[in-house]
Amino acid sequence: MTATAEIGKARLRKEDRHLVTGRSRFTDNMVLPGMLHLAMVRSPYAHAKITAIDTAAAKSSPGVMAVLTGADVAGEQGSLPNAWPITPDQKAPAHGAIAVEEVAFAGEVVAVIVARSAAAARDAVELVDVSYEELPVVMDLEEAFTDKVLAHTALESNLSATWVFDSAEAGTGSSVQDAIDNAEVLIERTLYQQRLIPAFMEPRSTVVDPTGEQITMWSATQIPHILRLMLALTLGIPESKVRVIAPDVGGGFGGKLQVTPEEVITVLAARHTGKPCKYTETRSESLQAGHHGRAQVQRLKLSARKDGTVTGLSVNLLADMGAYLGLVTSGIPILGAFMYNSIYKFPAYRFECHNIFTNKTWTDAYRGAGRPEATFAIERMMDELATELGMDPLAVREKNWIRHEEFPFTTVAGLEYDTGNYEAATAKAVDLFDYQGLRAEQKRRRDANDPVQLGIGVSTFTEMCGLAPSRVLGSLSYGAGGWEHAQVRVLPTGNIEVVTGSSAHGQGHETAWSQLVADRLGVPFENVEVLHGDTQISQRGLDTYGSRSLTVGGMAVLAAADKVIEKAKVVAAHLMEASEADIEFAAGSFTVKGTDQSTTLGEIALATFAAHNLPDGFEPNLDSDATFDPVNFSYPHGTHLAAIEVDTETGHVGILKYVCVDDVGVVVNPLLVEGQVHGGLAQGIAQALYEEAAYDDAGTLVTGSFVDYLVPSAPDLPHYITGRTETPATSNQLGAKGVGEAGTIASTPAIVNGVLDAVRHLGVRDIKMPCTPSRVWHALQDAKTTGGVQ
Amino acid sequence: MASSKTITVEVDGVEYTDDVEPRLLLVQYLRERLGKTGTLIGCDTTNCGACTVHLDGVSVKSCTMLAVQAAGHKVTTIEGMSRDGKLAPLQEAFHQCHALQCGFCTPGMIMQSASLLTENPHPSEAEIRDGLEGNLCRCTGYQNIVAAVKSVADGTVYDDSGVSATADETETAGVK
Amino acid sequence: MIPSAFDYAAPSTVEEALGLLAAADAAGDDVKLLAGGQSLLPVMKLRLADPSMVVDLGRVAGLSGVTDDGDSLLIGAMTPHHVVATDPLIARHVPLLAQAAATVADPQVRHRGTFGGALVHADPAGDLPAPVLATGATFMIAGPGGQRTVDAADFFEGYFTTAVAEGEILTAIRVPKYTGWGSHYEKFTRVAQQWSIVAVAAQVRVEGGTIAEARIGLTNMASTPLRATAVEAALAGGAATADAIAAAAAHAAEGTDPASDLNGDAAYRAHLAQVLTKRAVLAAVGL
């Protein structure tokens with residue numbers, strides 16, 4: 001790519017003005033005439049049979065218009081979709097939006113109140129008398145795997161599916177068992193990915209208007225297009241009769257990549273009452289019943305030679321589905337399956353995953369979705385190997401990583417990494433971090449037995465982004481493709497409207513897409529308007545997740561813009577009485593080669609609109625559509641370094657310094673990239689230190705509000721030092737790689753490796769996430785009493 | 001049914017008189033009765049700060065106050081911050097510093113930042129962070145929010161180029 | 001997010017408020033006093049509290065503010081945390097309270113939440129009960145039978161329970177001046193906004209290198225705030241040195257009964273009490 005005016009420019013965002021002035025259009029702001037309000041009656045039990053529901057008192061409560069139970073809608077509610085059956089024999093319970101006979105997690109909806117005000121609806125919740133017969137619960141993942149207690153009475157086992165990748169069978173590598181049998185060094189560990197909650201700031205909200213000839217839904221969703229299709233399939237409504245609008249959406253992070261029971265219920269309520277209906281969840285409901293993420297037990301074996309060369313990696317996962325399979329629940333661990341080998345040249349690899357039901361809220365995508373889990377595991381293991389061999393953790397990585405001259409490189413997991421330069425990113429990070437200086441300080445504190453010990457956490461990572469080549473998704477049994485659609489419309493004034501199927505919820509697509517199109521069509525940035533998030537405006541699309549927007553959606557935008565140019569050339573040639581072959585386009589002008597005769601895109605737009613003088617047979621329209629299906633994933637990578645202080649007296653963990661150097665390929669807008677990195681870091685650090693969705697033995701979520709689910713605030717997080725290297729991707733014409741998930745994926749292992757590096761010499765071998773002060777202190781005490789042997 | 005109360009309250013410079021149920025929260029009054037939907041609700045336990053407004057010039061969480069308690073007081077919301085079509089300095093700084101992504105925490109962040117700067121016109125970075133401890137953001141990782149508040153305290157004047165003045169700073173740490 | 005319906009009254013005098021409480025009691029109403037509301041309203045929104053009547057003290061005259069009263073300060077029960085944290089009289093004579101009040105929740109909550117409200121709420125993890133206990137304050141309580149006073153040592157009766165009976169109103173807290181004492185509030189949390197896991201309030205008077213007197217309060221080490229009397233005894237008359245203070249602080253967990261929860265088990269809290277006591281006292285004596 002040549003440097004251009006717009007690509008790479010730190011444009012301020014077009015989307016900001018209405019958000020900083022309070023003129024926002026979030027779903028809960030919507031009011032429609034005669035609109036009714038919903039409140040959910042939710043099960044307090046994690047597993048129970050519903051033996052009776054008495055709604056009489058609620059129905060006669062002031063303002064209540066309807067009360068619907070599962071029995072009332074059993075014939076019409078269908079089963080919520082799972083779009084990713086990872087094996088042909090995958091088991092899944094039926095999943096009605098409102099439970100009919102049995103509830104399988106605390107918070108599951110058993111009835112809905114529809115009332116004239118939100119207060120009246122809420123008041124009537126108390127009046128619904130549900131009789132339950134409690135059933136045994138299974139909360140622990142490893143216990144669930146034994147099938148001693150079943151999460152669903154209708155299923156014979158808690159095992160949903162087992163999925164295996166073996167490099168020897170796939171022909172992408174050799175046998176792991178051979179590698180383990182012949183290992184000079186074998187590292188075996190079991191690591192735990194705690195359950196997390198996406199905790200987007202805007203609670204989910206849905207408004208459904210059933211008036212007119214179609215159903216219109218406004219929803220706080222990442223996926224208006226997928227939602228429209230799935231609502232149609234679930235409820236048996238023609239797709240053409242459903243319009244979904246995602247107005248301003250207050251964050252998603254995968255948490256709004258879902259077809260929710262509440263969305264279906266709001267449609268049902270609107271259908272039953274004939275009135276517009278609104279449901280907005282409370283934060284407590286959001287934490288309890290919005291899908292969770294992570295939740296895996298990772299049983300790992302890494303074999304190596306004494307010089308640090310890894311010879312094989314075996315991964316055996318238990319993945320907690322929770323009580324149901326949501327939209328892509330079952331596929332989340334599979335998204336990680338190709339990433340455990342990360343940036344390394346492992347010769348042998350085996351991945352086996354058991355998807356297991358428990359009586360908890362179901363899990364699904366959360367920022368990174370499978371890839372943070374994989375990166376955490378391998379980066380922890382590389383540190384363990386370095387410790388075992390007495391090597392510097394960076395040296396053991398360098399020993400194994402793909403050198404920049406070896407790209408393109410086909411990995412043991414079968415992916416072809418197009419480009420990368422791990423040496424450059426690491427060198428830059430080491431430099432920014434003052435690695436040697438901090439190692440010296442670490443030694444000083446160890447020698448002085450300082451109560452505040454220093455650790456250095458290393459994380460080198462890559463991820464597969466740009467979800468996804470449709471053929472690859474097909475080979476993984478995913479129920480849809482991975483393309484993206486765009487339309488570029490040329491208005492009579494020469495202004496441009498860009499319609500994208502990639503629906504933003506904070507990422508800044510309006511700004512970035514404007515830059516892409518301004519650059520390609522040579523029109524002012526200000527003259528480009530980006531439209532998205534309404535299935536009636538953007539008819540085709542696969543929405544926003546998996547760091548796909550720029551590398552897939554952006555490419556579609558560019559392709560559509562190129563088609564506009566081709567069309568406009570025809571008109572330009574006609575108007576200037578030249579041959580089409582002699583027309584050159586640059587900076588918004590069409591010029592007849594070798595002359596000073598030229599016309600602008602704006603002039604052609606007006607001429608096309610007027611249509612008075614167009615070539616014979618030319619359709620008077622410059623608008624163009626394009627659908628882009630990537631041929632490969634993109635592979636951003638980076639090196640993150642964390643200097644961690646551990647107060648050995650209290651167990652408190654502090655971040656002294658955080659440096660990350662990310663290579664996300666060509667950058668369209670450095671401001672947006674920086675913002676994505678910062679936010680990703682905050683969430684990854686939060687997994688390492690603060691957040692955990694914890695349940696008691698009875699199945700109640702004990703972190704059911706922000707009092708206990710600890711989302712960090714400004715004083716809890718450090719100032720991040722960020723840098724970039726730029727190795728353009730070759731899998732798309734822009735050279736971009738994607739940035740939405742990088743910070744989250746890389747930072748968690750960097751922090752935990754740092755914590756362990758600070759206290760490993762005191763005998764601590766592992767600390768479960770989040771590394772709370774209490775856990776760190778107990779680990780130190782245990783190390784004292786056991787002499788470091790556990 | 002509890003009897004309603006008549007309240008008179010000044011919001012963003014306009015006096016309103018309304019009958020309200022005692023249980024109506026100030027934030028619900030603002031959103032549902034006055035249509036001031038710029039103030040948002042992010043939690044139910046007084047943690048997230050999305051609903052922050054000013055009551056007689058100091059920041060409060062409008063989800064943790066009854067509308068009846070606001071009777072006779074002056075409330076300022078995010079919608080009352082800009083004057084004559086011109087963004088208030090903090091609004092401009094949040095835009096310039098890319099201190100918002102999804103924008104849901106932004107009204108509360110700006111209102112709390114304004115209160116913070118009233119009480120401490122020249123805060124350190126640490127004081128800014130502490131001053132925002134009651135406002136959660138899930139998108140930005142806070143760094144650009146802190147920078148935006150600092151820039152207002154420092155009296156930074158922005159040009160109207162539409163391009164970030166701070167992006168170069170990140171580039172110094174990067175590699176071209 | 002929406003509380004149950006309730007009746008509401010906003011009296012303008014203490015007498016009127018007491019009358020409303022008496023009338024509500026007679027009518028069988030479940031009545032709650034609303035001060036700053038920063039703890040009450042969240043539990044009402046979650047419907048963990050469903051009062052049928054709320055009496056708002058926000059419009060009662062004379063309940064807010066700090067006044068100098070000879071050898072003590074009078075702090076009105078409705079004085080917001082923010083005022084306690086920034087009041088010059090408190091800063092001069094009982095800086096411990098200013099420091100502790102500045103750690104309560106977050107700035108918005110400190111603007112609304114009140115000193116007296118937090119004390120009557122008596123959350124074991126709250127940041128004001130232990131410091132107030134350490135100061136040996138006196139609580140001024142108005143009731144149907146007139147004013148009475150309760151010593152801090154007798155005020156905190158149990159988990160969320162104080163000596164303020166139904167039908168009574170805490171009107172002010174009299175705090176002795178500790179002018180010239182060293183003090184420090186050492187709070188330990190996982191994230192800034194969190195309630196204290198454990199915190200320690202220390203006030204120390206040093207004379208010529210010796211600790212003459214020490215008053216130590218513990219937050220969240222039992223269902224009520226506690227005085228660390230064993231530490232106080234061990235410090236008194238001892239040297240104001242790091243070693244002596246550390247040795248005395250080792251007694252901090254004696255007589256405590258901390259809870260176990262996600263933030264730490266009882267053993268961890270017992271350990272934290274010792275570490276934080278050492279740090280609080282060291283800071284109070286300026287080491």
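Which residue in β5(A) is the bridge partner of Met40(A)?

**Figure 1. Pairing of β1 and β5 of chain A in the predicted model.** In β5(A), Val112(A) is the bridge partner of Met40(A). Strand β1 (residues 36-42) of chain A and strand β5 (residues 109-115) of chain A are joined over six bridges, and their pairing is antiparallel.

**Figure 2. The seven-stranded open sheet of chain A.** The strands of chain A follow the order β3-β5-β1-β12-β9-β10-β11, and the pairing within this open sheet is mixed. Because β3 (64-69) and β11 (242-245) of chain A stand at the edges with a single partner strand each, one side of each is left without a neighbour in the sheet. From one strand to the next, the twist averages 20°.

**Figure 3. Helices α8 and α9 of chain A against the strands.** Helix α8 (residues 224-235) of chain A lies across β10 (215-219) and β11 of chain A, and runs at about 150° to β11(A). Helix α9 (residues 261-273) of chain A packs on the sheet, where it touches β1, β3, β5, β9 (205-209), β10 and β12 (277-280) of chain A, and its direction makes about 130° with that of β3(A).

**Figure 4. The contact between the two domains of chain B.** The domain assignment of chain B gives domain 1 as 5-80 and domain 2 as 89-163, and the C-alpha centres of these domains lie 22 Å apart. Domain 1 of chain B brings 16 residues to the contact, and domain 2 of chain B brings twelve residues. On the side of domain 1 that touches domain 2, β3 (52-55) and β4 (58-61) of chain B each supply at least two residues, with β3(B) giving the most, three residues. By class, that side of domain 1 of chain B has seven nonpolar, nine polar and no charged residues.

Key: Residues numbered from 1 in each chain as written. Chains lettered and ligands numbered in written order. Predicted model: local features only at pLDDT ≥ 70, side-chain atom pairs only at ≥ 80, totals over all residues. Domains from an automatic or database assignment. Contact = placed C-beta atoms within 7 Å. Helix = DSSP H or I, 4+ residues; strand = E, 2+ residues; numbered from the N terminus. Nonpolar A, V, L, I, M, F, W, Y, C, P; charged D, E, K, R; others polar. Pairing = 2+ DSSP bridges. Axes fitted to C-alpha atoms, helices over the stretch in contact; angles between N-to-C directions.
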